[in-house]
Amino acid sequence: MTVRTSRRKMAAAIAGAATLALVATGCTGGGGTDSDEPVTLTLATFNDFGYTDELLAEFTAETGIEVVHNKAATSNDARANYFQKLGNSGLADVEAVEIDWFTEAMQYADLLAPVPADLQGRWLDWKEASATDSAGNLIAYGTDIGPQGICYRADLFGAAGLPTDRGEVAALFDGDWDNFFQIGADYTAATGKPFIDSANSVLQGMVNQLEIAYEETDGSIVATENADIQAAYEAVTSKAVPIAAYSGQWSEDWFASLASGEFAVMLCPGWMLGVISGNAAETTGWDIADAFPGGGGNWGGSYLTVPANGANVEAASELAAWLTSPETQMKAFANAGTFPSQVEALASDELAAATNEYFNNAPTGEILTARAEAITVATFKGPQYFQFHDALQNAVTRVFDGLEDADTSWNTWVTEVSAF
């Protein structure tokens with residue numbers, strides 16, 4: 001996920017310094033003795049997990065435990081804070097971690113309270129396996145996964161002479177990335193407007209279809225030598241940049257454009273539905289198609305963790321378990337489109353029948369289930385994935401902004417990678 005370059009560099013610097021502090025600090029011990037006094041828990045997330053005030057009030061009604069929800073603007077901000085404070089003090093009782101930096105967090109599994117054994121088996125096998133440490137402890141509660149479809153403005157498609165029916169739109173996009181880029185180029189040529197929201201969302205989509213991105217499973221670094229990464233970068237800078245409204249997502253202008261009609265298409269994991277509807281509530285025309293360039297892809301999906309030295313570990317574990325129960329995950333899906341990772345929820349009739357009124361009553365349960373079934377690769381994201389990918393996104397941004405040509409910006413990235 002992308003924010004302005006200067007902000008990202010600052011976040012990376014803070015997190016890098018924090019990692020050194022963690023290594024020096026080590027495990028601070030298993031704090032978190034609970035008392036009989038009334039408890040107020042803090043919950044830290046980012047973007048939109050579907051954890052509305054009304055949903056959290058249900059937990060309070062059931063348990064008597066109040067919850068204060070703090071939401072960072074971006075995953076980047078959450079990551080910087082997490083690694084600055086993990087093992088020390090200042091984290092929330094329950095902290096969300098995104099998949100792109102989760103392996104990085106797994107290096108400090110001893111600083112996180114294990115998930116109770118009776119909850120194991122609740123999630124998809126690969127979701128649990130990714131959160132299981134070398135001692136066999138499950139140390140995080142799976143929230144969502146991110147199967148991707150294509151969100152589009154049906155009104156803008158109609159005005160440009162493109163099909164508007166979601167079945168016909170799915171057929172239009174049934175093909176590879178070159179097909180997607182050609183549709184985008186034709187739209188931009190005909191309308192004079194950008195086709196897709198951001199170039200770096202395309203980079204994210206392409207990278208998420210690779211088995212190996214920047215690191216091998218044995219820890220060896222292959223970032224600058226990976227021909228697939230270079231091919232993705234070249235496709236994005238030559239074909240996505242010319243049809244994109246922005247280099248990246250999450251800026252104030254980008255948020256405003258969700259409503260303004262500046263672009264017609266977004267690559268949409270389930271959680272993006274809540275981002276769109278939450279920031280363009282009065283806008284009509286958004287829909288979602290059961291399609292994705294090149295087949296399928298998973299973007300995002302997160303975990304909840306409980307810092308082991310927190311003041312209320314037992315109560316925090318109860319909250320994390322409640323938020324990731326099949327029943328609550330279905331409510332979060334209804335609120336924000338966060339597609340559940342729980343086996344029971346995935347098999348439910350409720351999910352199969354789920355629709356989204358904002359997206360023209362699209363059968364989102366059916367569409368995102370199909371998109372999940374289309375995923376054939378879970379990209380390996382090692383401890384340095386975030387830093388390498390962040391720097392490559394910055395390389396795309398330099399090209400988008402006209403600061404460097406594609407070759408020069410790639411070489412700048414290669415130099416940066418060698419310094420990590």
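1. Let me start with the lining of the largest cavity: by class, four residues are nonpolar, five are polar and three are charged. One thing to keep in mind while reading on is that this is a predicted model.

2. Which residues lie nearest the centre of that largest cavity? They are F46, F49, D144, W271 and S302, out of twelve lining residues. The volume of the largest cavity is about 100 Å³. If you're listing voids, the count is three cavities of 30 Å³ or more.

3. Now the largest pocket, which comes out at about 560 Å³. Its lining runs to 23 residues, and I99, W126, S130, N298 and A378 are the ones nearest the centre. If you want to find the pocket in the viewer, those five names are a handy selection.

4. Which helices each supply at least two residues to the lining of the largest pocket? Look at α4 (102–106), α5 (125–129) and α17 (364–373).

5. Sorted by class, the contact of α11 with α12 has seven nonpolar residues, one polar and no charged.

6. The other pair is α10 (residues 227–240) with α19 (residues 406–419). Here the axes come within 11 Å, with a crossing of roughly 140 degrees. The cut-off for roughly antiparallel is over 145 degrees, and α10 and α19 are therefore oblique to each other. The crossing of α10 past α19 is right-handed.

7. What makes the contact between α10 and α19? On the α10 side it is I229, Q230, Y233 and T237, and on the α19 side A406, S409, W410 and W413. Five of the contact residues are nonpolar, three are polar and none is charged.

Methods:
Residues are numbered from 1 along each chain as its sequence is written. This is a predicted model: local features need pLDDT of at least 70, side-chain atom pairs count only at pLDDT 80 or more; totals for chains, interfaces and linings use all residues. Side-chain values use heavy atoms; hydrogens and water are left out. Axes are lines fitted to C-alpha atoms, for helices over the stretch in contact, and angles run from 0 to 180 degrees between N-to-C directions. Helices (H or I, at least four residues) and strands (E, at least two) are DSSP runs, numbered from the N terminus. Angles under 35 degrees count as roughly parallel, over 145 as roughly antiparallel, 65 to 115 as roughly perpendicular and the rest as oblique. A crossing is left-handed if the near helix is turned anticlockwise from the far one by less than a right angle, and right-handed if clockwise. Contact means heavy atoms within 4.5 Å. Ala, Val, Leu, Ile, Met, Phe, Trp, Tyr, Cys and Pro count as nonpolar, Asp, Glu, Lys and Arg as charged, and the others, Gly among them, as polar. On a 1 Å grid over the protein atoms alone, a cavity is a set of points where a 1.4 Å probe fits but cannot get out, and a pocket is an open set with protein on both sides within 12 Å along at least five of seven lines; lining residues have an atom within 4 Å of a point. Grid points are joined across faces, edges and corners, and a volume is the space filled by probe spheres set on the points.
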